[in-house]
Amino acid sequence: MLKIRRVKKRYGTFALECSLEVKKGSITGLVGENGAGKSTLFKMILGLAFPDSGDISLFGKSPEKFGSKDREKIGVVLAGSGMNRYLKAGDMQEMLKAMYSRFDEEYYRGMCGKFCIPLDRPVKDFSTGMKSKMKLVCAVSHGADFLLLDEPTAGLDVVSRRMVQDLLRRYMEEDDARSILISSHIASDLEGLCDDIYVLHEGNIILHESMDTLLTEYGLVKTDPVQYGKVEREYILKIRREAYGYDCLTGQKQFFRENYPELVVEDINLEEVVAMLTGGG
C-alpha cells in the first residue's frame, strides 16, 4: 500500500535517508527517539513536504498527485498538530460529516463517549490526553483505508494507551485490506500491536524486522571479558560495555544457547533492542 524508496531530505545539518514499505492488511511501526526524522517522513507521505530525491507511493500514486477521493482514504494524526481551541467535539462532527463521504456519525459519537470526550466543551478546556484522543477519533471515524499515526498515544496514561491499541486492533479486524503506519518513541506501545517494525535513528533506518522474529529470535548475550574474547562475532549486532563485561545484542539467540551453554542468554523486548541499537539505556 505504501512504498518509500531511497528517500532523502535535508534540513540544515539534519539528513533523512530511508526506504520503507507498509503492506496491505498490516500494521507497521516506526520507532525512534525524538528528532530521529519520524515527523518529517510522515509529512512527506502526505505531500506536506517534498523529498530531495527518491520515491513515495501510496495507493499506487505519488502524494502530489492525490485527489480529494485519495485523501478521503487516509486518516491522519500528526504529532504537534493543533485544533481550533474554540471548537467543540460536536462542531467537529459536523465538519467531518461535510469533509468525508464515509464519515460514520454513530461511530464518532460512540468513540467520543468511550474516550470520555464531551461533545459540548471547547478544545481549549481539554487536557493534553483528551486532545490526543480527540485527534485519533477524528482519524478513524471515516473508514480510512490507510491510517498514518504519528505519536498517537502522546500524553496518554497507561490505561488510555491500551484502549488506543485495542481500538486499532478492532479497526484492522473490520477490514483486512486496511493498513496502518504508526510511530512512537515509546517502544512498548508498538510491541504488542505491530506486524513489523522499523527503527529510525538520526535519519537512518537501522533495523527492519518482523515483530515475531524480533521477539522470538533476538536476545542479549552476557559475557565477562574472557568469554567475550571467545564468542562468535558473526551473529552479534551491537555491544554494550557493562561493569561485569559485555552485553551483546544478537538476532540468533538459539545459536548461542546451543553452542555456548556456559553463557547467559536472555530474551529481549523491543524497548531493549532499540536502546541497544541507538546507544540509549
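Predicted model: local features only at pLDDT ≥ 70, side-chain atom pairs only at ≥ 80, totals over all residues.
Local features need pLDDT of at least 70 and side-chain atom pairs count only at pLDDT 80 or more, while totals for chains, interfaces and linings use all residues. Residues are numbered from 1 along each chain as its sequence is written, and side-chain values use heavy atoms, with hydrogens and water left out.

**View 1. Asp150 in strand β6.** Strand β6 covers residues 146-150 and includes Asp150; strands (E, at least two residues) and helices (H or I, at least four) are DSSP runs, numbered from the N terminus. Asp150 is buried (under 20% relative accessible area, 1.4 Å probe, protein chains only). Asp150 has no salt bridge (a side-chain nitrogen of Lys or Arg within 4 Å of a carboxyl oxygen of Asp or Glu). Lys38, the nearest side chain of opposite charge, is 5.9 Å away.

**View 2. The largest cavity.** The structure holds 1 cavity of 30 Å³ or more. A cavity is a set of points on a 1 Å grid over the protein atoms alone where a 1.4 Å probe fits but cannot get out, and lining residues have an atom within 4 Å of a point. The space in the largest cavity is about 40 Å³, a volume being the space filled by probe spheres set on the points, which are joined across faces, edges and corners. Strand β7 gives the most to this lining, with 3 residues.

**View 3. The largest pocket.** A pocket is an open set of points with protein on both sides within 12 Å along at least five of seven lines. The largest pocket holds about 580 Å³ of space. Of its 22 lining residues, Val76, Leu96, Met99, Tyr100 and Cys138 are the closest to its centre.

Methods:
Buried < 20%, exposed > 50% of the residue type's maximum accessible area, 1.4 Å probe, protein only. Lys, Arg positive; Asp, Glu negative; His and termini not counted.
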